[in-house]
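Welcome! Keep the picture beside you as you read.

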Amino acid sequence: MVQIAVMGYGTVGSGVVEVLTKHADSIAVRAKEQINIKYILDLRDFPGSPFESKFIKSFDTILNDPEVRIVVEVMGGLHPAYDYVKMCLENGKSVVTSNKELVAAKGAELLKIAQRNNLNFLFEASVGGGIPIIRPISQCLAANEVVEIAGILNGTTNFILTKMIREKMGFDEALALAQKLGYAERNPAADIEGADACRKICILASLAYGKHVYPEQVHTEGITKITLRDVEYAAAWGGVVKLIGMVKRVPSGKVQIIVCPMFLPRESQLANVDDVFNGIMVRGDSTGDVVFYGKGAGKLPTASAVVADVIDCVKHFKARKYLYWDDGAPDYVEDYLENETAMYICLKSESDVSGKVKELFGTAEQITRKHAEPGEAAFVTPVMKEKDIVERIARLSESGVEILNTIRIGDL
Ligand code: HSE
């Protein structure tokens, strides 16, 4: 019998307890051992819960119990999760976590501690909820050089954008619904401002290229500026707006990495990833494109990935799962303004700007929409360095044009 502890009884934690209890027998067969939840750490009380006797409020109870060999951290947030996980690893306990904030900020350090102590630190659930992606990148695709990874990595924002696109639902209403369904972060700013997607692409980038990319190194834009007007222009252009996290290695050895909304053409596989679903495209030099698709958030999908890691830990008490990346470096990420992209630009002007646009951008593609307001115009620039686009947009503004929004065009 293997004793484990679960830290955090929120959406994911309660899902983990549910799955481990509901599937106890089949899990025991797969793990070749019975798994028992000895403690559940949470500061709240859960009177009447069938697990009432397992709840504890002090982390020290877990730390000081040598019987507990695996700790599941599903509290979220950096502190105290980081401190607890570090102490567990330093005290002989393997750790499984769904906490992307923790892995994105401290992954290299915690992996090193786990390695030093011959323990496992597993985090399949930290990216893509129930979608297998950490193991596929670290094991199944290990023969490849990863050329690029691009994905829809946040279920909440994808849910909101889908509601805006399909039902013309307002942003706030769609967000409230995502919260009610248990998709959103405790503070949904992390979803809608792109921080959550940023953490996930950092984890994938670190894993794929072997060196830590920290969230503060990544240019990140969320979806708060996306309006129904942009959604309509995207449709007129032949696509949809999606929040994309993207990373690729450039010949200098640095990485280009960004999180931002993009127009994707309808025929792109990622354009058809809707609702709370996530889609992650991994472009390998041998495999070509491999796409992973499934529910990227929610109680049971995420719990499924956590419990699979627990099973893996039980099966690998004597052998470490090979997951590792080095510390990052301040100059490892290329300035996003060096990236090449085409750009949708929506503007408002009292006079005709087509001449000015042609002068600045050459052959820009005009797009029109049914409900355009007087003076409104939109176009898509040719592919250029982003810094050149920014400089030309500044010149447009100087000439008295009001820029309503700009969105990159995804070549995916
Ligand atoms: N808030 C996250 C999302 C949860 O919406 O994708 C899963 O990481």
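Which helix gives the largest share of the lining of the largest cavity? That share, four residues, comes from helix H6 (residues 134-140). This is a predicted model, in which local features need pLDDT of at least 70 and side-chain atom pairs count only at pLDDT 80 or more, while totals for chains, interfaces and linings use all residues. Residues are numbered from 1 along each chain as its sequence is written, and side-chain values use heavy atoms, with hydrogens and water left out.

**The cavity**

- A cavity is a set of points, on a 1 Å grid over the protein atoms alone, where a 1.4 Å probe fits but cannot get out; lining residues have an atom within 4 Å of a point.
- By this rule there is one cavity of 30 Å³ or more.
- The largest cavity has a volume of about 70 Å³, where volume is the space filled by probe spheres set on the points, and points are joined across faces, edges and corners.
- Its lining includes Ile134, Arg135, Ser138 and Gln139, and helix H6 spans residues 134-140. Helices (H or I, at least four residues) and strands (E, at least two) are DSSP runs, numbered from the N terminus.
- Other residues in the lining of the largest cavity include Phe123, Asp309 and Tyr322.
- By class, the lining of the largest cavity has five nonpolar, two polar and four charged residues. Here Ala, Val, Leu, Ile, Met, Phe, Trp, Tyr, Cys and Pro count as nonpolar, Asp, Glu, Lys and Arg as charged, and the others, Gly among them, as polar.

**The largest pocket**

- A pocket is an open set of grid points with protein on both sides within 12 Å along at least five of seven lines.
- The largest pocket has a volume of about 1100 Å³.
- Of its 49 lining residues, Val74, Met75, Gly76, Gly77 and Arg186 lie nearest the centre.
- Among the elements that give two or more residues to this lining are helix H1 (11-22), helix H7 (155-167) and helix H12 (299-315).
- The lining of the largest pocket is made of 16 nonpolar, 21 polar and 12 charged residues.
- Domain 1 (2-130 + 299-315) and domain 2 (140-295) each give at least three residues to the lining of the largest pocket; such domain bounds come from an automatic or database domain assignment.

**The second largest pocket**

- About 430 Å³ of space lies in the second largest pocket.
- Met246, Lys248, Glu340, Thr341 and Asp411 lie nearest its centre, out of 21 lining residues.
- Strand S10 (255-265) is one of the elements that give two or more residues to this lining, and S10 gives the most, with five residues.
- The lining of the second largest pocket divides into nine nonpolar, four polar and eight charged residues.
- Why does the second largest pocket lie between domain 2 (140-295) and domain 3 (336-409)? Both domains give residues to its lining, so it lies between them.

**The core**

- A nonpolar core is a set of buried Ala, Val, Leu, Ile, Met, Phe, Trp, Tyr and Cys residues joined through side-chain atoms within 4.5 Å. Buried means under 20% relative accessible area, exposed over 50%, and partly exposed in between (1.4 Å probe, protein chains only).
- The largest nonpolar core has 115 residues, of which Ile4, Phe121 and Tyr344 touch the most other members.
- Helix H10 (residues 195-209) gives the largest share of this core, nine residues.
- Leaving out residues up to four places away in sequence, Tyr344 touches residues including Asp230, Phe263 and Ile407; contact means heavy atoms within 4.5 Å.

**Backbone details to look for**

- Most residues other than glycine have a negative phi, and most peptide bonds are trans.
- A cis peptide bond, with omega about 10 degrees, joins His79 and Pro80. Pro80 is in the loop between strand S4 (68-73) and helix H4 (81-90).
- Lys32 has a positive phi, near 65 degrees, and is exposed at a relative accessible area of 69%.
- Asn118 also has a positive phi, near 55 degrees, and is partly exposed at 44% relative accessibility.
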